[in-house]
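Here are my notes for you, written as numbered points. Keep the model open while you read, and look up each residue as it comes along.

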Amino acid sequence: MKKKFEEENKPSYILKHNNNEFKIDISYFTQLHEHKINIYKLQSNYVNLCSSTYVNKIKLGFKYKLLNRYLIEFAHPFIHVRTIEINKKSFLKYENFDNEDEKNNMEPNDCTKTIENERNHINNINDGNKKVQKIWYIMNNYRNNYLGVLLNFNTLEEFLKCNKDDHINYTLEPLKCYINNEKNDICKDMNLYIHDNIYDDTFWEYKENCLTVLEKINKYVILSFFDLKKYICYYSIANPIIKPKDNYYKLIKNSTRYFFYIDSKYVYINTENRHINIIDIFYLSYKIDDYFNNYKMFLNTNIFLLLKFDNIPLHTMNNQDYYDEYINKLYTNIECEEDQKSKKEFYQINSFYKLFEYLKLNDISQNSYHPMGNKSFNNHYNNNSSMLHKNYDMVILPINALSELKEDIKNSKDKILRYIKKDFFDLYICFIDINYIFNSLSWDFRNLLYCLTLKYKLYDFQIDVLAFRDISLLRQQYVGIFKSQEGFIWSYPKVVMKRGSINNPRNYNDEDKNNDNNNYDDKNNDNNNYDDIKIMIIIIMMIKIMIIIIMMIVIIIIMKIVIIIIMMIVIYIKT
């Protein structure tokens with residue numbers, strides 16, 4: 001029993017979280033210096049801060065590994081790094097809040113969820129054969145606010161001897177109030193009146209120019225001492241979280257990163273029912289960039305539900321038709337001449353009630369579902385179902401829609417959230433997680449998972465999580481370029497094969513058909529490599545010959561000089 005317990009608690013079975021990246025700009029210290037002299041003076045009180053996050057794209061280049069002569073594994077050419085920048089703008093105009101309403105209704109220049117007012121056009125996959133109409137949308141900049149607390153001490157001794165645990169608990173006090181299931185709870189120490197908590201559905205709802213759920217439950221704290229005479233600032237920074245009562249969240253199976261097989265024409269597509277293909281990921285990445293034509297602005301919360309339905313009509317096709325239909329849908333979703341009215345009706349679905357009503361899956365009642373047979377849903381000629389198929393049988397809903405499934409969660413026997421409505425769809429919780437360590441979640445999701453568990457009573461539940469890391473996959477055009485006549489042209493690095501690999505035999509089978517298109521290119525690469533090697537050998541030989549000739553000339557000259565010197569010495573002796 002002890003051995004089994006130790007195996008279950010190995011680090012590999014615990015969900016890992018990557019620490020947040022903080023950048024403290026020099027302008028923060030100059031502003032703190034100014035505030036200390038003009039405002040704080042000898043006071044040492046908590047000061048509210050609000051920073052913002054930004055995303056850096058770092059180019060890695062095409063790193064690849066030769067698995068065999070016809071199979072090459074190459075990594076994503078970029079990583080995205082999310083950084084919390086603390087600068088002079090982090091100091092709020094109003095540093096103390098009397099209540100939560102004031103915090104959630106600050107001026108846009110202070111600390112709110114900022115949305116770009118500039119409307120960027122959508123023409124992201126350039127079509128070389130066809131001019132695509134431009135439609136203007138607000139684009140996702142993947143930026144968020146990050147609240148913080150500053151406590152600046154008057155002496156270095158106070159800074160060094162302070163009890164950091166007390167200040168960390170102070171920073172967590174609002175979150176503890178949110179978790180308290182009694183409404184109208186007063187946090188006297190922080191002078192905050194919490195008018196809602198995590199058990200209210202409104203707490204999870206997205207509201208424009210208000211703090212999102214992730215922004216409410218996560219904070220950082222800075223403890224510092226600023227030596228005004230020497231212009232030296234001593235500081236420490238923490239990003240506290242609440243530890244779950246029942247230890248940590250454990251992984252049922254190791255996390256995996258989506259990958260795909262391609263050659264010059266085709267990408268591998270898995271035809272299993274409800275399987276999420278790489279094309280589905282491309283589609284989601286594309287639509288998250290423009291908030292699904294600006295009808296799903298709740299994606300600013302960086303958390304949502306993904307429903308994956310069946311597609312019976314597609315699965316009745318042969319492999320080639322299946323592939324063509326799957327790829328053509330990608331163009332349908334980026335083609336701006338598509339009927340916008342039907343898209344609007346589909347994208348505006350933001351609850352299970354509206355979804356079931358849209359698909360006519362049940363006799364609608366506000367509080368309960370009475371599913372009909374799958375026959376109604378699988379009718380290929382149903383316009384609404386057809387629109388669902390065009391969007392790869394996926395629906396995106398806000399996280400607060402999970403409240404509609406409370407009874408299903410309560411009555412679940414297998415305790416698997418993914419199959420909570422398995423007669424209709426698979427359910428995933430999705431995070432837009434700009435995190436370059438792929439086998440972990442970002443630090444902020446520690447508090448979020450804890451709050452989700454408390455809110456929806458997901459104790460002992462298995463939760464399937466999809467984390468979106470590589471953003472804007474299609475817009476940046478390093479995965480592929482779409483042309484209306486040629487179709488999707490996939491991009492991949494040109495790899496120089498080693499000469500020794502030519503002798504490796506290949507076993508042909510039916511599974512190698514997708515790789516056959518690369519054979520001719522590989523042979524040309526091998527021949528070119530062989531010619532290059534011969535040229536290099538000839539050049540090296542010529543250089544060696546030239547060196548030998550030069551050395552011989554130098555030796556002859558030296559010998560002549562020596563002979564002349566000897567003769568002159570002999571003549572001198574005789575005279």
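1. With that, take Phe 292, which is buried, with a relative accessible area of 2%.

2. Some ground rules. This is a predicted model, where local features need pLDDT of at least 70, side-chain atom pairs count only at pLDDT 80 or more, and totals for chains, interfaces and linings use all residues. Residues are numbered from 1 along each chain as its sequence is written, and side-chain values use heavy atoms, with hydrogens and water left out.

3. Now the overall picture. The chain has 18 helices and 20 strands; helices (H or I, at least four residues) and strands (E, at least two) are DSSP runs, numbered from the N terminus. If you look at contacts with a separation of 6 or more, 74% of those in the chain are between residues 24 or more positions apart. Contact here means heavy atoms within 4.5 Å.

4. Let's go to a sheet. Six strands make an open sheet in the order S2-S6-S3-S9-S12-S13, with mixed pairing. Strand S2 (21-24) and strand S13 (232-238) are at the edges with a single partner strand each, so one side of each has no neighbour in the sheet. On average, neighbouring strands of this sheet are turned by 35 degrees against each other, direction ignored. Two strands pair if DSSP finds at least two bridges between them, and axes are lines fitted to C-alpha atoms (for helices over the stretch in contact), with angles from 0 to 180 degrees between N-to-C directions.

5. Which strand runs parallel to S9 (residues 145-153) and is joined to it by seven bridges? That is strand S12, residues 219-227. To find one of the spots, click on Gly 148: its bridge partner in S12 is Tyr 220. Helix H5 (residues 164-179) packs on this sheet, touching strand S3 (46-59), S9, S12 and S13, and its direction makes about 135 degrees with that of S12.

6. Stay with H5 for a moment, as Ile 168 is found in that helix. Is Ile 168 buried or partly exposed? At 25% relative accessibility, Ile 168 counts as partly exposed. Ile 168 and Val 221 are 53 residues apart in sequence, yet 7.1 Å apart in space, C-alpha to C-alpha.

7. There is also an open sheet of four strands, ordered S15-S14-S16-S18, with mixed pairing. Its edges are strand S15 (394-398) and strand S18 (465-468), each with a single partner strand, so one side of each is left without a neighbour in the sheet. Strand S14 (residues 303-309) pairs with strand S16 (residues 425-432) in the antiparallel sense over seven bridges, and Phe 309 has Phe 425 as its bridge partner in S16. Helix H13 (residues 352-359) packs on the sheet, touching S14, S15 and S16, at about 25 degrees to the direction of S14. Helix H17 (residues 445-456) packs on the sheet too, touching S14 and S16, and its direction makes about 145 degrees with that of S16.

8. Next, the rings. The structure holds 23 aromatic pairs: rings of Phe, Tyr and Trp (its six-membered ring) pair if their centres lie within 6.5 Å, and planes under 30 degrees apart count as stacked, over 60 as edge-to-face and the rest as tilted. Phe 203 and Trp 204 are an edge-to-face pair, 5.9 Å centre to centre with 75 degrees between the planes, and both are buried. Ring pairs also link Tyr 283, Phe 292, Phe 346, Tyr 347, Tyr 358 and Tyr 392 into a cluster.

9. Back to Phe 292, found in helix H9. Most residues other than glycine have a negative phi. Phe 292, however, has a positive phi of about 55 degrees although it is not a glycine. Tyr 291 is in helix H9 (residues 291-294) as well, with a positive phi near 55 degrees.

Technical notes
Buried means under 20% relative accessible area, exposed over 50%, partly exposed in between (1.4 Å probe, protein chains only).
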